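Dear colleague,

Please find below the structure that I am handing over to you. My notes on it follow directly after.

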Amino acid sequence: MPMPTRTQTLPVSGATCKGCSRTINAALEQITGVESVTVDLHAQQVTVTGTASRSALLDALVQAGYGTDDDQHDQDAHCRDKPEKAAVTPAQSVRLSISGATCASCVRTIENALRNTPGVDKADMNFADRTVQVSGTASTETLISAVTDAGYGAELLDNSADQQEQQEAREQAHYHTLLRHMGLGLGLGVPLMAWGLLGGDMMVRAGQTSQWIWLAIGLLTLAVLATAGRHFFVGAWKAFRNHNANMDTLIALGTGAAWLYSMVVVLLPGALPEAARHVYFEASAMIIGLINLGQALEVRARGKTSAAVKRLLDLGAKTARVVRDGEERDIPVEQVQTGDILRVRPGEKIAVDGTVKEGESRIDESMLTGEPMPVSKSEGDNVSAGTLNEGGSLLYTATAVGKDTALSQIVTLVKKAQGSKPPIGRLADQVSAVFVPTIMLIAIAAALVWFNVGPEPRLTHMLISATTVLIIACPCALGLATPMSVMVGVGKAAEYGILIRQGEALQTSSQLDTIVLDKTGTITEGKPAVTDIICAEGQQEDTVLKLAASLESGSEHPLATAILNESKQREVSLDDVTQFQALNGKGVTATLNGKAYRLGNRRWLENEGVNINLDSTPLTDKGATPLFLSEHKTLLGIIGVADRIKDDSKAAITRLKEQGLKVIMITGDIAASANAIAEQAGVDEVMAEVLPEDKAKKVQALQGEGRNVAMVGDGINDAPALAQADVGFAIGTGTDVAIESAAITLMGGSLHGVADAMAISSATVRNIKQNLFGAFVYNSLGVPVAAGILYPLTGSLLSPVIAGAAMSLSSVTVVTNANRLRFFKPKHTNGTPP
């Protein structure tokens with residue numbers, strides 16, 4: 001009997017963004033009997049309609065890489081005798097350093113090896129910095145073993161400065177090794193090539209002294225292949241053992257074939273036609289030397305792409321001045337513990353995250369937020385590791401140390417984003433899957449054509465065409481095209497206080513046409529403040545403010561806080577009141593010096609018989625809430641309280657509109673107040689009186705019109721809309737829930753960060769397209785030319801040596817073009833990058 005259709009709600013954990021939502025939808029919709037799937041990221045729930053069993057749905061969620069806290073599922077799993085489901089290891093994200101990878105084909109091999117490992121949910125390799133990010137429940141040892149079995153090396157990475165220094169030292173050593181290998185290859189190859197170009201005989205004459213000389217040169221070339229070219233042959237052998245082919249395969253086949261043919265010519269010249277007794281030792285040596293040179297230049301340029309992460313790591317203090325047993329002492333920052341009391345003096349860096357216990361100062365946070373103005377700090381305020389104390393001395397309590405500091409988490413996010421792949425990069429992945437085998441087939445086909453229908457010397461033409469095709473093809477350029485640009489782009493964004501959490505968002509941000517801005521805390525400051533004081537005849541502003549603040553001193557209402565903050569700023573002293581009453585929806589009343597005062601809305605005071613003879617329209621027109629102050633039945637004044645728009649909101653919104661976006665403000669405020677704020681900010685459209693739970697529906701409706709929508713917000717109630725949008729931007733001063741739901745986090749509170757993020761995203765995607773275009777065009781033109789397609793016009797074949805130089809140059813060109821992004825600056829930014 002078929003199971004009836006029903007609606008089930010499943011718990012899910014670990015789903016934080018729209019990408020997660022799509023993954024869950026795809027996983028569940030494949031199950032037989034599933035009719036519809038709705039993912040609620042805010043509630044961490046999935047609602048499924050259909051006939052599928054609950055256990056099948058929960059199993060699919062686990063397989064997709066998400067947690068399920070479901071007792072019924074645990075019992076079902078236990079009954080089905082699957083203990084591994086009953087005690088699932090918590091999912092983790094591990095970053096590994098990879099050695100031995102040389103091209104896009106290696107990337108595919110490593111990713112497939114990891115993805116086929118039990119417990120791995122996701123594996124993405126960043127070829128640009130030779131790291132791989134793995135998510136799942138598999139142990140680190142299992143992951144390293146999987147990479148090793150695939151023929152490559154791997155080790156665990158963390159974000160410590162020491163490990164970064166070690167990695168830089170290894171890269172530097174590798175760079176010098178490549179230069180030595182280049183010297184060996186070119187040291188033999190250049191003189192041989194010069195000999196041939198200057199008219200020297202490159203033919204072997206049987207029985208003559210030249211045959212023995214060429215034999216010695218052949219042995220020297222073998223030594224070059226075994227030393228300077230050893231890593232190519234080792235890599236090719238490992239790939240062969242694992243039934244793969246990569247760039248090493250092409251280089252090893254090309255240089256090995258040229259050397260082997262030349263040795264046959266030297267040892268058995270009589271077995272070949274006289275015209276085919278040409279040796280190509282110089283080609284093998286030159287190719288090895290040139291490719292090593294290209295790789296050395298690539299390593300050097302690649303080091304520049306990670307400059308942003310290095311700068312972030314360099315922000316951290318090396319030592320901290322801790323107060324213990326009444327004494328201050330300097331200790332390594334690694335020894336600081338949560339709860340320690342630390343002293344920071346003027347001009348010093350904050351060592352760890354903490355809360356100010358004593359003192360006042362101004363802190364330069366531009367290196368984290370991108371905002372240039374120092375921020376005042378006093379008792380109770382939070383300070384972040386890596387920021388600079390510009391003013392006085394502070395005592396603060398450590399609240400987060402080591403990997404838990406905001407700076408360390410930012411470094412982790414940046415590195416993770418640098419390793420992610422935007423959709424545009426998938427084309428290169430698809431091509432790389434068949435690239436090397438295709439090139440090998442083309443080389444064989446070219447050799448067969450030249451051998452069967454080519455002019456004499458056929459053997460020579462066959463060897464040159466096949467070797468040149470193998471050497472000129474460059475899967476390395478394809479593999480570098482996307483990750484190099486992503487690394488630089490994400491790093492550049494970090495310099496401007498923008499944390500791009502997902503590679504997909506990097507590309508989607510360049511395609512947006514609509515942006516929805518939450519009002520409170522995004523366009524506005526999120527804190528009500530006094531904007532105006534209108535006084536009745538004979539009254540002074542400070543007098544009206546003093547009376548109002550005295551009345552509100554016993555209230556906790558946000559409007560009361562605004563009035564009290566204004567009185568503090570103006571240094572207005574307060575009087576004690578008696579008979580205080582807070583009347584919900586009306587205002588407050590109290591007695592001061594024997595007189596009854598009221599502060600509240602117009603309707604309440606009018607009902608109490610107060611004559612409202614002052615015009616509050618100028619306040620409401622600006623979106624302010626008017627609070628009327630009266631003594632008995634006499635109006636003393638009106639205080640306007642509003643959530644002011646941020647100083648730079650209007651300029652930032654203008655930039656967004658200049659970039660071609662339709663700017664929409666969304667708020668729960670009444671239409672009159674919303675329109676007043678919208679007019680000040682300069683937005684195109686207003687969505688007022690929208691309930692928090694309906695914000696995501698409004699975003700969805702815009703998407704239904706075919707729009708690419710971004711959402712910018714900072715509150716818990718913005719989280720569903722941030723997750724629903726094509727790209728979610730979370731204001732870094734907002735809640736953790738909002739930040740976790742967004743694809744991009746702005747460390748500062750300025751909307752200029754959104755415009756900067758979009759500008760950087762557009763520049764990065766444009767750079768990726770340039771790299772991919774160059775890589776594809778190079779290979780599309782280079783391979784046919786190497787095969788000899790121009791021979792009928794030129795009467796000659798492309799030299800394998802020139803092919804080796806071109807192949808090396810193509811990789812260096814991609815890396816150099818990506819590094820141009822380091823000099824990109826968004827136009828009209830409000831402030832400068834750190």
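Strand β23 (residues 625–631) is mostly covered, with five of its seven residues buried; buried means under 20% relative accessible area, exposed over 50% and partly exposed in between (1.4 Å probe, protein chains only). Helices (H or I, at least four residues) and strands (E, at least two) are DSSP runs, numbered from the N terminus. This is a predicted model, in which local features need pLDDT of at least 70 and side-chain atom pairs count only at pLDDT 80 or more, whereas totals for chains, interfaces and linings use all residues. Residues are numbered from 1 along each chain as its sequence is written, and side-chain values use heavy atoms, with hydrogens and water left out.

Strand β23 has antiparallel partners. Strand β22 (residues 595–600) is joined to β23 by four bridges, and strand β24 (residues 634–642) by seven; two strands pair if DSSP finds at least two bridges between them. Phe 628 of β23 is the bridge partner of Gly 600 and also stands opposite Ile 638 in β24. The hairpin of β23 and β24 has two residues between the strands, and His 632 there takes a positive phi near 55 degrees.

Another open sheet has three strands in the order β1-β3-β2, paired antiparallel. Because β1 (6–11) and β2 (34–40) stand at the edges with a single partner strand each, one side of each is left without a neighbour in the sheet. Direction ignored, neighbouring strands of this sheet are turned by 20 degrees against each other on average. Six bridges join β2 to β3 (residues 45–50), and Asp 40 has Gln 45 as its bridge partner in β3. Helix α2 (residues 54–63) packs on the sheet, touching β1, β2 and β3, and its direction makes about 40 degrees with that of β1. Axes are lines fitted to C-alpha atoms, for helices over the stretch in contact, and angles run from 0 to 180 degrees between N-to-C directions; contact means heavy atoms within 4.5 Å.

The largest nonpolar core has 90 residues, of which Ile 98, Leu 114, Trp 214 and Phe 281 touch the most other members. Helix α10 (residues 247–267) gives the most to this core, with nine residues. A second, separate core of 47 residues includes Ala 681 and Phe 729. A nonpolar core is a set of buried Ala, Val, Leu, Ile, Met, Phe, Trp, Tyr and Cys residues joined through side-chain atoms within 4.5 Å.

Ala 681 is also one of the buried residues of helix α25 (residues 671–681). After α25 comes Gly 682, with a positive phi near 85 degrees.

With kind regards
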